[in-house]
Amino acid sequence: MSYATATRRPHGQLESDVLAVLWSADRPLSPGEVNDALGSALARTTVTTILTRLHEKDLVHRERAGRGYVYAAAQDASGIVASRMHTELSKGADRDSVLRHFVSALGPGDEALLRSLLADADGTRERA
């Protein structure tokens, strides 16, 4: 087995790892700093490519720093998961069916939480 095969991450894992580094930072980081924090043998250009892709997906913000960029997460982990859920929901031709399947698969605790959140949202909308 080659080194590349032995260290291959599951699809999306490197993006997740990079986001985790950015979430734990108290300031925007350069690609080199992200690479150092990952503690892996990745090329800096690989990390730069991942950061560029995350920027294109609006998952990270970037700003100029000298000749390059520094990056910060655009939102926290919960916000990103919620965005992904919205994206997947928008792909479905039959939103009613998609939501029905989603809700039917919830456990009792999650269902109660969802009902509570929906009730709070309805109350907020009525007051607004």
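## Legends to the close-up views

**View 1. Glu 88 is partly exposed, with a relative accessible area of 47%.** Here "buried" stands for under 20% relative accessible area, "exposed" for over 50%, and "partly exposed" for the range in between, with a 1.4 Å probe and protein chains only. The model is predicted, so local features require pLDDT of at least 70 and side-chain atom pairs pLDDT 80 or more, whereas totals for chains, interfaces and linings take in all residues. Residues are numbered from 1 along each chain as its sequence is written, and side-chain values rest on heavy atoms, with hydrogens and water left out. Glu 88 pairs with Lys 91 in a salt bridge, the closest N and O atoms being 2.9 Å apart; the term requires a side-chain nitrogen of Lys or Arg within 4 Å of a carboxyl oxygen of Asp or Glu. About one helical turn separates the two, because they lie 3 residues apart in helix α5. Lys 91 is exposed, at 59% relative accessible area.

**View 2. Asp 96 and Arg 100 form a salt bridge.** Their closest N and O atoms are 2.6 Å apart. Both belong to helix α6, where a spacing of 4 residues puts about one helical turn between them. Asp 96 is partly exposed, with a relative accessible area of 47%, and Arg 100 is exposed, with 54%.

**View 3. Arg 27 and Glu 33 meet through their side chains in a salt bridge.** The N to O distance is 2.9 Å. Arg 27 counts as partly exposed at 44% relative accessibility, and Glu 33 is also partly exposed, at 28%. The salt bridges of the model number 5.

**View 4. The second largest pocket has a volume of about 380 Å³.** A pocket is an open set of points on a 1 Å grid over the protein atoms alone, where a 1.4 Å probe fits and protein lies on both sides within 12 Å along at least five of seven lines; lining residues have an atom within 4 Å of a point. The volume is the space filled by probe spheres set on the points, which are joined across faces, edges and corners. There are 13 lining residues, and those closest to the centre are Met 85, Leu 89, Leu 99, Phe 102 and Leu 114. Two or more lining residues come from each of α5 (77-91), α6 (95-104) and α7 (108-127). The greatest contribution is that of α6, with 5 residues. The lining holds 9 nonpolar, 1 polar and 3 charged residues.

**View 5. Val 81, Met 85, Phe 102 and Val 103 form a nonpolar patch on the surface.** Together these residues have about 330 Å² of accessible area, computed by the Shrake-Rupley method. Patch members have over 30% relative accessible area and no salt bridge, and nonpolar side chains (Val, Leu, Ile, Met, Phe, Trp, Tyr) are joined within 5 Å. Both α5 and α6 give two or more residues to the patch. Phe 102 lies in helix α6 and is partly exposed, with a relative accessible area of 39%.

**View 6. The protein as a whole has 7 helices and 2 strands.** Helices (H or I, at least four residues) and strands (E, at least two) are DSSP runs, numbered from the N terminus. Along the sequence their pattern is α-α-α-α-β-β-α-α-α. The protein has 128 residues, of which 19% count as buried.

Notes: Nonpolar A, V, L, I, M, F, W, Y, C, P; charged D, E, K, R; others polar. Patch = residues over 30% accessible without salt bridge, like charges linked within 9 Å, V, L, I, M, F, W, Y side chains within 5 Å. Areas by Shrake-Rupley, 256 points an atom, 1.4 Å probe, with all protein chains shown as cover.
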